[in-house]
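Here is a short briefing on one protein chain. Keep the structure open and follow along.

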Amino acid sequence: MFISIIIPAYNVSPYIEECIHPAFAQTYPHIEVICIDNNSTDDTWQKLEQLKQQYPQLIIDKELKPGAPAARNKGSG
């Protein structure tokens, strides 16, 4: 079974590393980690780009529509 860990992010620059590191520390081998930056106005996106260098398998994307519903519906259209 393949497991996806999906992390929505909005202005969480001080905390995003604390969220990403444990996701990659899982012992289950069949995971993907996806982080969607939901139009942050801080440096969350820059930190995600840095984390992508540390974890090349990290999938990052930007959602330009604000709000949780936009992030939640990312894959539906």
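Start with helix H2, whose buried residues are Thr44, Trp45, Leu48 and Leu51. They span an arc of only 115 degrees around the axis, so they sit on the same side of H2. Keep in mind that this is a predicted model.

**Helix H2: two faces**

- Which exposed residues sit on the face of H2 turned away from its buried side? They are Gln50 and Gln53.

**Helix H1: one buried side**

- H1 has its own set of buried residues: Ile16, Ile20, Ala23 and Phe24.
- Why do they share a side of H1? They cover an arc of only 90 degrees around the axis, which puts them on the same side of the helix.
- The cover over the buried residues of H1 includes E1, E2 and H2.

**The whole chain**

- The protein contains three helices and three strands.
- Read from the N terminus, the elements follow the order β-α-β-α-β-α.
- The protein has 77 residues, and 31% of them are buried.
- Take the contacts with a separation of 6 or more: 73% of them join residues 24 or more positions apart.
- The accessible surface of the protein is about 5100 Å². Carbon and sulfur atoms account for 56% of that surface.

**The nonpolar core**

- The largest nonpolar core has 14 residues. Those touching the most other members are Ile16, Ile20, Cys35, Leu48, Leu51 and Leu58.
- At least two core residues come from each of these elements: E1, helix H1 (16-24), strand E2 (31-38) and helix H2 (44-54).
- Which element gives the largest share of this core? H1 does, with four residues.
- Now look at Cys35 and leave aside its neighbours within four places in sequence. Its contacts are Ile7, Ala9, Ile16, Ile20, Leu48, Leu58, Ile59, Ile60 and Asp61.

**Ile60 and its contacts**

- Ile60 is part of strand E3.
- Residues up to four places away in sequence are not counted here. Ile60 then touches Cys35, Trp45, Leu48, Glu49 and Lys52.
- How far apart in space are Ile60 and Trp45, C-alpha to C-alpha? The distance is 8.7 Å, and the two are 15 residues apart in sequence.

**Ser13: a buried loop residue**

- Ser13 belongs to the loop between E1 and H1.
- Is Ser13 buried or exposed? Its relative accessibility is 6%, so Ser13 counts as buried. The cut-off for buried is under 20%.
- Set aside the neighbours of Ser13 within four places in sequence. Ser13 is then in contact with Asp42, Asp43, Thr44 and Lys47.
- Ser13 and Asp42 are 29 residues apart along the chain, yet their C-alpha atoms are separated by 6.7 Å.

- Asn11 is not a glycine, but its phi is positive, at about 50 degrees.
- Asn11 is found in the loop between E1 and H1. Its relative accessibility is 26%, so Asn11 counts as partly exposed.
- Asn39 is not a glycine either, and its phi is positive, at about 65 degrees.
- Asn39 is found in the loop between E2 and H2. With 31% relative accessibility, Asn39 counts as partly exposed.

**A nonpolar patch on the surface**

- Which residues form a nonpolar patch on the surface? Met1, Ile3 and Tyr28 do, and together they have about 330 Å² of accessible area.
- Met1 lies in the segment before strand E1, which covers 3-9.
- Why does Met1 count as exposed? Its relative accessibility is 79%, and the cut-off for exposed is over 50%.

Note on methods:
Residues are numbered from 1 along each chain as its sequence is written. This is a predicted model: local features need pLDDT of at least 70, side-chain atom pairs count only at pLDDT 80 or more; totals for chains, interfaces and linings use all residues. Side-chain values use heavy atoms; hydrogens and water are left out. Patches are made of residues with over 30% relative accessible area and no salt bridge: like charges are joined within 9 Å, nonpolar side chains (Val, Leu, Ile, Met, Phe, Trp, Tyr) within 5 Å. Accessible areas come from the Shrake-Rupley method with a 1.4 Å probe; for residues, only the protein chains shown count as cover. A salt bridge is a side-chain nitrogen of Lys or Arg within 4 Å of a carboxyl oxygen of Asp or Glu. Buried means under 20% relative accessible area, exposed over 50%, partly exposed in between (1.4 Å probe, protein chains only). A nonpolar core is a set of buried Ala, Val, Leu, Ile, Met, Phe, Trp, Tyr and Cys residues joined through side-chain atoms within 4.5 Å. Contact means heavy atoms within 4.5 Å. The arc is that of the directions from the helix axis to the C-beta atoms.
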